[in-house]
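Subject: Structure handover

Hello,

Here is the structure I said I would pass on. My notes on it follow below.

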Amino acid sequence: MEVLGLSEEELCAALDADPLTLLSGELDHRPEVPILLDLLAEAQERAGPAVLRRWVRSAAAPDGRRPLDLLLARDFAGFEDAVADLAERGFVLRGGGATG
């Protein structure tokens with residue numbers, strides 16, 4: 001939530017969980033959480049939180065979806081591809097991406 005600047009509602013949708021489950025910490029056993037954190041570890045170190053927060057809402061995948069759209073659709077493979085694309089660009093955002 002903090003790394004990508006997601007709202008509670010967005011995080012619940014991405015993890016298919018209700019707010020009570022999120023607040024209780026019962027998501028620790030879910031495989032999505034460590035996988036997403038691992039995917040973002042290098043990006044967080046190299047790009048920093050400000051870039052990641054902007055990237056998740058503005059950078060568009062080849063099909064036009066933002067990384068946030070991929071997360072909300074629970075398309076974790078697509079999100080992984082988006083993180084890889086960001087890494088290939090050297091953790092630099094291109095101008096002209098979709099805003100949201």
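Does Pro31 count as buried or exposed? At 51% relative accessibility, Pro31 counts as exposed, because the cut-off for that class is over 50%. Please keep in mind that the model is predicted. Pro31 sits in the loop between H2 and H3. Its C-alpha atom is 9.9 Å from that of Leu15, a residue 16 places away along the chain.

The largest pocket

The volume of the largest pocket comes to about 330 Å³. Its lining is made up of 19 residues, and those nearest the centre are Met1, Leu11, Leu15, Val33 and Leu37. Sorted by class, the lining holds 14 nonpolar, 2 polar and 3 charged residues. Three helices each supply at least two lining residues: H1 (8-15), H2 (19-24) and H3 (32-47). H3 gives the most, with 4 residues.

The nonpolar core

Which residues of the largest nonpolar core touch the most other members? They are Leu4, Leu52, Trp55, Leu71 and Phe79, out of 28 residues in that core. At least two residues of this core come from each of H1, H3, H4, H5 and H6. The largest share, 5 residues, is that of H3. As background, nonpolar side chains tend to be buried together in soluble globular proteins.

Phe79 has contacts with several parts of the chain. Neighbours within four places in sequence aside, its partners are Leu4, Leu36, Leu39, Leu40, Trp55, Pro67, Leu70 and Leu71.

Ala82 belongs to helix H6. Its relative accessibility is 12%, so it counts as buried, the limit being under 20%. With neighbours within four places in sequence again left out, Ala82 is in contact with Trp55, Pro67 and Leu70. Trp55, Pro67 and Leu70 are also among the contacts listed for Phe79.

Helix H4

In helix H4 (residues 49-58), the buried residues are Leu52, Trp55, Val56 and Ser58. The cover over them includes H3, helix H5 (67-72) and helix H6 (76-88). An α-helix has 3.6 residues a turn, so residues three or four places apart point the same way.

Ser58 is the polar residue I looked at in H4. Its relative accessibility is 15%, and it counts as buried because that value is under 20%. A polar atom of the Ser58 side chain lies 2.7 Å from the backbone oxygen of Arg54.

Glu10

Glu10 is part of helix H1. What does the side chain of Glu10 make a polar contact with? The partner is the side chain of Arg57, at 2.6 Å. Glu10 is a charged residue by class, yet it is buried, with a relative accessible area of 16%. Not counting residues up to four places away in sequence, Glu10 touches Gly5, Arg57, Leu68 and Leu72. Between Glu10 and Ala82 the C-alpha to C-alpha distance is 18 Å, and the two are 72 residues apart in sequence.

Regards

Methods:
Residues are numbered from 1 along each chain as its sequence is written. This is a predicted model: local features need pLDDT of at least 70, side-chain atom pairs count only at pLDDT 80 or more; totals for chains, interfaces and linings use all residues. Side-chain values use heavy atoms; hydrogens and water are left out. On a 1 Å grid over the protein atoms alone, a cavity is a set of points where a 1.4 Å probe fits but cannot get out, and a pocket is an open set with protein on both sides within 12 Å along at least five of seven lines; lining residues have an atom within 4 Å of a point. Grid points are joined across faces, edges and corners, and a volume is the space filled by probe spheres set on the points. Buried means under 20% relative accessible area, exposed over 50%, partly exposed in between (1.4 Å probe, protein chains only). A polar contact is a pair of N or O atoms within 3.5 Å; within protein, one must be able to donate a hydrogen and the other to accept it, and residues adjacent in sequence count only if both atoms are side-chain atoms. Contact means heavy atoms within 4.5 Å. A nonpolar core is a set of buried Ala, Val, Leu, Ile, Met, Phe, Trp, Tyr and Cys residues joined through side-chain atoms within 4.5 Å.
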